[in-house]
Amino acid sequence: MADKKNRYNIRDHAATYWENSPKWRRVSMSIAFIAFFYALPFLNNPLVNTPGSDFQSVLFYPVGMYVLMAIGLNIVVGKSGLLDLGYVAFFAIGAYTMAILGTHTALNFWEILPIGIALSMVAGVLLGTPTLRLRGDYLAIVTLGFGEIVRIVAVNIEAIGGPRGIAGIPTPPDLFKAKFTILDPKPYYWVLLTFTLLVIWMVRRMAARRPGRAWDAIRQDDDVAQLMGVNTLKYKVWAFVLGAAVAGAGGVLYASQILSIVPDQFNLNVSILILACVVFGGIGNLWGVILGAALLAFTPERIRFLSQPRILVFGIALVVMMNLRPDGILPKKKREHFDPNWKSVEESGEGEIK
Amino acid sequence: MSEKLLELKNITMKFGGVTALSEVNLHVSKGEIAALIGPNGAGKTTVFNVVTGVYKPTSGEVNFVGQSVVGKKRYQVTKMGIARTFQNIRLFGESTALENVVTGADVHSKSGVVGAIFGTPRSRREEAAALERGMELLEFMGLKHRAGQLGKNLPYGDQRRLEIARALATNPQLLLLDEPAAGFNPAEKVALAATIRKIRDAGYTVLLIEHDMSLIMDISDRVAVLDFGQKIADDVPKVVQNDPRVIEAYLGAPADAS
Ligand SMILES: Nc1ncnc2c1ncn2[C@@H]1O[C@H](COP(=O)(O)OP(=O)(O)OP(=O)(O)O)[C@@H](O)[C@H]1O
Ligand SMILES: [Mg+2]
């Protein structure tokens, strides 16, 4: 314990530096950081290039898409402690909304996007309200079932293409001169990055406020949370619905880029992979989850030149990593403040209570 | 003084074959410090669990300011004005002391997820108020210097006090304390007694489970005694102390030394 506290800790130092920085420095650092990610597709560096696949495409899918989904799933699994094994279902609902409305109506991507998000959220409420009373393993099994049901339903409805899925999904209309075409993944990546930044912003706001405290309480001790006045079911459903919204948005965008979807793309593996991103990165820690998802999505592409053995290499690397850092690459760790005057709200007279 | 805040009528609580409470009648009047004592396994904690909605009684009624508590959700009971601490400390160990208390203070906020995302004026106002209330209560319980430390890393005594602060943060009319002095040394017990009095003087009503007789005799206005799930006495401390049935209950099954 003691030596851990004294050990030089990059993260604590970085956090302290950030907290002590004046506003202008924070703003300029954020802008530089964000600008870097918008410029990322133009990066041409042998270290990050993905031989055998196109780096710009890889940035959109899988890297960016995994990051977005992992952030969404982290609200459910990391923040509230609800094991959801059917997360892909919401991604599928978003993608199918885009595919069906895109091919059958005159609505464009931007008009379908809110519909896809809304439908995912509705599915989240419908699934969450009855099942989130269950705990732990039971919830995992029910959500796993839900994920499979959505896929199987898609396979069996001929009107939406059955097992052949839907092809000919329209691309989004031009935006600020950026053309969305199958040949150029950059505009898709920029839209995805914008979604992701929005979601990060929302998650951070929630985490610092009442919903964050409610989820912390629920994750740590559901019974006590209830007894301290937290409407636990309501906040669990919210976590579920917000996670669903993120996956739904991802699904709509994904379908508009890939142009044709089949139900088998939305199988259990996707749910498991996204969950692996969350766990690998550091469950509950936003930055860890982002890093974990980026690494898990990028590495198999980067080592594609190994062809067949690459999945084996990847698997071994995962096992080694999880042994070295069982709580993830950047584990969730709350910083403690020992300063007695920390956050002192204006002095209240002599410790009286009203 | 005689206005009944909490009233249990003929409460029976069975767990399978075990009858933890049998036909218990009990009340707490507004503004008093009432105590609930009895040997180990007498059913004291079960009373708290029935009152706070953790268990639904097998039969009987629980009324709080004239409203039935039975069948209410736990968070609704807390909202109605009953808060508690736990015999085995159950803090949110991975949250800071301040966050623990503010979680309690959140009960009376109206804004939730949407307010938090958009930073609505109401949300900002409520956040600030809850934070201030949290700091106020930490200070009241002598924990201000612990605000930024994790619940699990606090010394034992501070954890117990933090539980009281967290319960008070919900602005309860009735505060239920389950063995708040367990594991305390005599000096800490004296300080706790003073704190409980201060809480009462601030307008809260307290129902307290305790094993330490001198503490009970010192601070309580009224003492109810449970033995094997039945109430065997209920009176001012002096009378209860000399009640032969109470003495027998304790001699027959001596309470632990704490
Ligand atoms: N959930 C439960 N399931 C089964 N039996 C229970 C349950 N809760 C309490 N009991 C039983 O009810 C009886 C009363 O327990 P309770 O915890 O209320 O006692 P207590 O008076 O608080 O004792 P102590 O002083 O040891 O805390 C005990 O026999 C206990 O085993
Ligand atoms: Mg007990």
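B:Asn10 is partly exposed, with a relative accessible area of 36%; buried means under 20% relative accessible area, exposed over 50%, and partly exposed in between (1.4 Å probe, protein chains only). This is a predicted model, in which local features need pLDDT of at least 70, side-chain atom pairs count only at pLDDT 80 or more, and totals for chains, interfaces and linings use all residues. Residues are numbered from 1 along each chain as its sequence is written, chains are lettered from A and ligands numbered from 1 in the order in which they are written, and side-chain values use heavy atoms, without hydrogens and water.

B:Asn10 belongs to strand β1 (residues 4-15) of chain B; helices (H or I, at least four residues) and strands (E, at least two) are DSSP runs, numbered from the N terminus. Although B:Asn10 is not a glycine, its phi is positive, at about 50°. B:Val65, also not a glycine, has a positive phi of about 35°. B:Val65 is placed in the loop between β4 (59-64) and β5 (67-68) of chain B, and is partly exposed, with a relative accessible area of 38%. In chain A, a cis peptide bond with omega of about 10° joins A:Tyr61 and A:Pro62, and A:Pro62 lies in helix α4 (residues 55-79).

The ligands come next. Of the 13 residues around ligand 1, those that come nearest are B:Gly41, B:Lys44, B:Thr45, B:Thr46 and B:Gln87; a residue is near a molecule if one of its heavy atoms lies within 4 Å of it. Helix α1 (residues 44-51) of chain B supplies the largest share of this shell, 3 residues. An N or O atom in the side chain of B:Lys44 is 2.8 Å from an oxygen atom of ligand 1, and for the side chain of B:Thr45 the corresponding distance is 2.7 Å. Taken alone, ligand 1 exposes 630 Å², of which the protein buries 64%; accessible areas come from the Shrake-Rupley method with a 1.4 Å probe.

Which atoms coordinate the magnesium ion (ligand 2)? They are OG1 of B:Thr45 and OE1 of B:Gln87, at 1.9 to 2.1 Å; donors are N, O and S atoms within 2.8 Å of the metal (3.2 Å for Na, K and Ca), and sites may look incomplete because water is not among the atoms. The pair links distant parts of the chain, 42 residues apart: B:Thr45 is in helix α1, and B:Gln87 is in the loop between β6 (82-84) and α3 (97-105) of chain B. B:Thr45 is partly exposed at 24% relative accessibility, and B:Gln87 is partly exposed at 30%.

Note on methods:
Polar contact = N/O pair within 3.5 Å; in protein donor to acceptor, adjacent residues only side chain to side chain.
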